Amino acid sequence: MHRRIITPGALAAASLLLAIPASAASHSPGAPGIGDPYYPAYGNGGYDVSHYDLRLTYQPADDRLAGTATLLARTTQDLSRFNLDFLLDVSEVRVNGSKAAFATSGEHELQITPSRPLAEGTSVTVVVRYSGVPSSKRAYGFTSWLRTADGGVAAGEPESAWWWYPSNDHPRDKATFDVSVQVPDGTQAISNGTLQATSSRAGWTRYSWRSDKPQATYLATLAVGRFDVTRATTDSGIPVINAYSKDLGGHDGAARASIERTGEIADWLTGYFGPYPYNALGGYVPNTTTGYALETQTRPFYSPRQFANGANTSLVVHELAHQWYGDLVSVSQWRDIWINEGFARYAQWLWSEHEGEGTAQEIADYVYASRPADDPFWTVRPGDPGPENQFHLAVYDRGALALQALRNAIGDEDFFAILKGWPHTYAHGDASVDDFVRYAERVSGERLTGLFDTWLFQPSKPGAPAAADAALPTRAAGTEGAPRQPASWKKIAATNGVHDHGDAHGHTR
Ligand SMILES: [Zn+2]
C-alpha cells in the first residue's frame, strides 16, 4: 500500500475529483472482451451496437483505405470508457459529438475515453475517422485482409472486421449496416445486401450497399476489384447480384455455373428452413489465391480454386444454408459452431438426395462406416470442439451425423419441423447448442440429452448400440456389405476446406 503525503496541490486535485457528479463514481471501463472463452479479447463489454455507417475510399494501387465509421450504440452499464476492435490508424474519435481521447492496447483494441462518462441505458453515437493500409496490419501475427492484383477483400471467420472498420466484433452483437465505398472508375466495390446507389465523380465511383436486417460483424464483407456483375431475380422475388473477378481465367465458367444457381438453391432451401430471411442474395468470387468460402450475409464469398474441378452446387448449398444457420441465427459463443456447420453440411446431404446422388442416410452410413474407432476424427467433440478445432472436419461430418441420428430417433415429421422452426424461433438473434437441445426436446416431446451427449460431446466413436438406434451400419468400410461411397461424396468432400483458413487457429495469412 502506498502512503501519500497530502500537499495543497493534491488537495486541490481531490476537490476537483469531488466536483464530478456523484453518479460518475459508479462508472467503470467496459470489458476489453465480450466474454467468449474461445477468444477472450473478441468483442467488448458495456454497450450494444445497433447500426454501422461506413463511408470509405479505397485505392487499389496502394491498398489504402480511409474514411469515417459512425456507430449507433446503447450502453449496458455506466461507462467511464469502452473499447472497439480495430487495427487501422485512427485520427479522431467523437462520442455524442464531443472529441474523445483514444489509445490502442492489446492486439486489436481501440480504447475510447469520452469527455463525459456515459450512463447505462443511453444512446451513444461514436464517430471514428481513420485510414491505413489493411494488408500491413497484423494481430496475433496474421492478417485476414486478402490483397489481390486489383484490390482487396475482407472475408474471414471469426476475424475480418478489424482490417476495415471498428466494431464490437462478436456475433452476439449484431447490427444493420450502410457500407458506402468510393473506388477508382472501372473498379467495383461489393458488399452485403442491396445496392442502394452508385454515383461517379472526378474519376471515382461510389457504391452504397445496405443491410437492413441485423448482421454479425464477421459476416460483413468488402471486396474491391474489377468485377463482372450479373443480376437476376428469384421466383420468390429476391434480387440476386453476383460478382466475378475479371481474372478468374479457366475457373470462370465453373464458378458461374455454380453461383448463377444461387436463386434456385435459395428457393429450394426455403422448403426445409422456411422463408428466405433477407431482401438480397448473391455471391462473389474475387481473384484470391485462397481455398475457402464464407457465408458473408446475403452474398457469400467463394475462392476461385474451389471451381478448379468444375461446378460445385454443393458448395453454394452450404453457404446459402448458413444464411439461416449461422447468419439469421448466430452462435452465442464460438463454441456453438456446430449450430452453423453441422446444419450447413446436412443441407449438402439433403441436396445430394434432391439430385439423386445419395440419400442423407446413405451418406451418414458411409461417414460412420469409413472412420474406424481409432481415427482421431472421433476425438473432436462437435458440441465444444475447442478454438483449435473450431473448423475441424468432425464439426461438419460428425455434426451432420448427429442430425441424422436425431432424425432417426424422433422421425421425419418432428425433425423437419425443428429444421424449419429453429431459424424462425431465434431469428436475427443468437443461440447455443444447449438452446438447440432444449428446442428439439420441446418440439419432439422426447428426452434427447443422451443422444446429443453421444453424438456431440463424447470424445470417441459412438458404439454399436448408438449406431443401431440411429439406424447406422456397424459394418466397417472395405468389409462385405459395407456402405458404398455415394455419388455426391466427392463434390461434398471438395467443400471440406470450406472454412479452412490455412493454420491451426483457422486464420488466413
Ligand atoms: Zn460452413
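Q: Which way do strands β4 and β8 run, and how many bridges join them?
A: They run antiparallel, with four bridges between β4 (residues 79-85) and β8 (residues 109-113). Strands here are DSSP runs of E, at least two residues, and helices are runs of H or I, at least four residues, both numbered from the N terminus. This is a predicted model, where local features need pLDDT of at least 70 and side-chain atom pairs count only at pLDDT 80 or more, while totals for chains, interfaces and linings use all residues. Residues are numbered from 1 along each chain as its sequence is written.

Q: What's the bridge partner of Asp85 in β8?
A: Glu109.

Q: And what order do the strands of that open sheet have?
A: The four go β1-β4-β8-β7, with mixed pairing; two strands pair if DSSP finds at least two bridges between them.

Q: Which strands stand at the edges?
A: β1 (28-29) and β7 (101-105); each has a single partner strand, so one side of each lacks a neighbour in the sheet.

Q: Switching topic: what does UniProt place at residues 311-455?
A: The unreviewed entry has "domain: Peptidase M1 membrane alanine aminopeptidase" there; such annotations may be inferred rather than shown by experiment.

Q: Helix α4, how many of its residues are buried?
A: Eight of the nine in 313-321, including His318 and Glu319. Buried means 20 or more other C-beta atoms within 10 Å of the residue's own, with C-beta atoms placed from the backbone.

Q: What covers them?
A: Among others, α2 (252-259), α3 (262-273), β19 (281-285), α5 (338-354) and α12 (489-493).

Technical notes. A residue is buried if 20 or more other C-beta atoms lie within 10 Å of its own, exposed if 12 or fewer, and partly exposed in between; C-beta atoms are placed from the backbone. Two residues are in contact if their C-beta atoms, placed from the backbone, lie within 7 Å.
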